Amino acid sequence: MRLTRYMAGAAIAALLATQVFAQAAPQSPVQAPAAGALDPAAEAAPAQAPAAPEFDMAEGVIATVNDQIITGFDLRQRMLMLIAMTQVQPTAENLPAIQNQALQALIDEKLQQQELARYEVDIPDEDVNAELAALARDAGVTPEAYLQFLQDGGILPQNLREQVRTETGWRALVGGRFAGRSRPTRNQIDQAMRQIAEQASRPQYLIGEIYIEAARYGGQQAALDGARQLVAQMVQGAPFMNVARQFSSAPSAQRGGDAGWIVQGSVQPAVQQALDALQPGQLSNPIPVEGGVYIIYMRDKREGAATNLVSLRQMMIAADDTTPEADVAAATARLEALRPQLNCDSILARATSEQGLLGADLGESDVADLAPQFQQIARTAEIGTVSGPVRTPLGLHLVAVCGRRAGGPQLPSTQQVSARLQNEQLAALERRYIRDLRADAMIEFK
């Protein structure tokens with residue numbers, strides 16, 4: 001969550017009570033820069049909100065979640081909060097999407113509060129105050145000014161405090177329950193690193209993403225209409241990061257939609273087509289995919305230019321060009337017999353334990369810099385395997401491939417890949433958790 005200090009409180013209060021269910025009209029396709037997109041320091045220029053449409057919202061109970069009520073006042077407060085945080089200007093066309101997002105967020109919040117009570121997770125006031133201070137710091141204001149901003153816009157600070165308390169507790173509960181299950185295995189990390197190495201020569205895209213999940217919007221057409229409205233608002237100045245945090249269902253939503261560098265061919269075909277067409281600074285049209293709609297902001301593009309690095313160890317029997325063929329054949333047979341017993345951990349120790357064998361850790365090298373006889377093995381052999389005997393002018397070699405990764409200063413480290421995998425898996429478990437809670441809950445709309 002982020003709140004910009006430049007949005008006038010009067011513009012928030014202008015929304016008043018809202019309940020509109022008209023479908024958003026389709027818009028002409030756009031492909032334009034998104035103001036302030038994915039720049040945490042960027043602040044949108046002040047925008048005057050249009051006059052609120054004339055309609056009323058019931059003040060009573062509008063929904064129950066396992067017998068806990070959501071009132072019209074609760075919904076109005078959450079809508080005002082969404083508008084303040086995203087700078088999306090309320091119109092008759094986009095109010096249905098704002099209202100739906102606010103209502104779904106309130107339902108999730110009720111379910112989360114019930115789980116926190118069941119597991120007796122209590123977040124003290126000091127932690128809430130620390131979170132609010134962080135929000136104010138990100139907005140460039142003091143905590144007092146931050147809360148005053150809310151009050152000027154008709155938002156009760158206590159509502160934000162309870163929302164922050166729930167979010168903080170929910171993160172703690174999810175992390176506590178699923179930290180072990182979300183931790184990637186060594187094989188998963190190695191596989192991801194291999195994929196990065198294999199894809200390093202392909203074009204790459206630094207993107208922001210917003211994913212509108214159809215199930216949360218009442219179907220694919222409603223999601224598409226809502227995405228069109230969001231695109232229109234961002235072209236007019238609503239910051240991409242703020243909109244992503246509040247509306248996106250992708251795991252990147254907590255990072256303001258920052259999806260990082262994406263490699264060509266690693267996304268769905270419809271999204272790939274948009275990545276190829278967009279230039280840095282451009283915002284895509286809504287992209288329908290199965291289950292929802294994507295909006296992509298192209299931050300940067302680059303051609304693949306990374307090196308492929310491989311870690312090798314070897315066992316060798318010396319045999320130059322003058323070595324008799326019978327001795328070469330005997331050396332080949334000896335290495336073939338030893339090969340099934342060897343791996344990356346044992347090959348050097350075995351080489352130093354027997355007469356006539358030489359061992360060496362070749363370290364990490366660029367595949368292109370290796371001897372031609374080793375390059376094919378370095379590129380294609382599975383990690384941890386040992387090659388058959390390889391003849392070079394120096395002798396006969398068994399080569400163990402002990403690691404492979406993409407090189408280059410802009411490519412992720414093993415630690416970064418591990419952290420990304422854990423975040424993705426934790427986000428998937430969290431989404432499944434909330435879906436299961438929804439499926440088991442008694443949710444009624446009045």
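Predicted model: local features only at pLDDT ≥ 70, side-chain atom pairs only at ≥ 80, totals over all residues.
Residues are numbered from 1 along each chain as its sequence is written, and side-chain values use heavy atoms, with hydrogens and water left out.

View 1. Strands are DSSP runs (E, at least two residues), as helices are (H or I, at least four), numbered from the N terminus. Two strands count as paired if DSSP finds at least two bridges between them. Strand β5 (residues 287-289) runs antiparallel to β6 and is joined to it by three bridges. Two residues lie between these strands in their hairpin, where Gly-291 takes a positive phi near 90°. Ten bridges connect β6 with strand β3 (residues 204-213), again in the antiparallel sense; Gly-292 in β6 is the bridge partner of Glu-213. Eight of the eleven residues of β6 (residues 292-302) are buried (under 20% relative accessible area; exposed is over 50%, partly exposed in between; 1.4 Å probe, protein chains only), so the strand is largely enclosed by the rest of the structure.

**View 2. An open sheet of four strands.** The order is β8-β7-β10-β9, and the pairing is antiparallel. Because β8 (358-366) and β9 (390-392) stand at the edges with a single partner strand each, one side of each has no neighbour in the sheet. From one strand to the next, the twist averages 35°. Strand β7 (residues 308-318) is joined to β8 by eight bridges, and Ser-311 stands opposite Glu-364 in β8.

**View 3. Helices on the sheet.** Helix α7 (residues 186-199) packs on the sheet and touches β7 and β10 (395-406), contact meaning heavy atoms within 4.5 Å. The direction of α7 makes about 95° with that of β10. Helix α12 (residues 325-338) lies across β7, β9 and β10, at about 40° to β10. Axes are lines fitted to C-alpha atoms, for helices over the stretch in contact, and angles run from 0 to 180 degrees between N-to-C directions.

**View 4. The disulfide of Cys-344 and Cys-402.** A disulfide is a covalent bond between the sulfur atoms of two cysteines, assigned here when these atoms lie within 2.5 Å. The sulfur atoms of Cys-344 and Cys-402 are 2.2 Å apart. The torsion about their S-S bond is about -105°, so the disulfide is left-handed. Cys-344 is buried at 12% relative accessibility, whereas Cys-402 is partly exposed at 25%.
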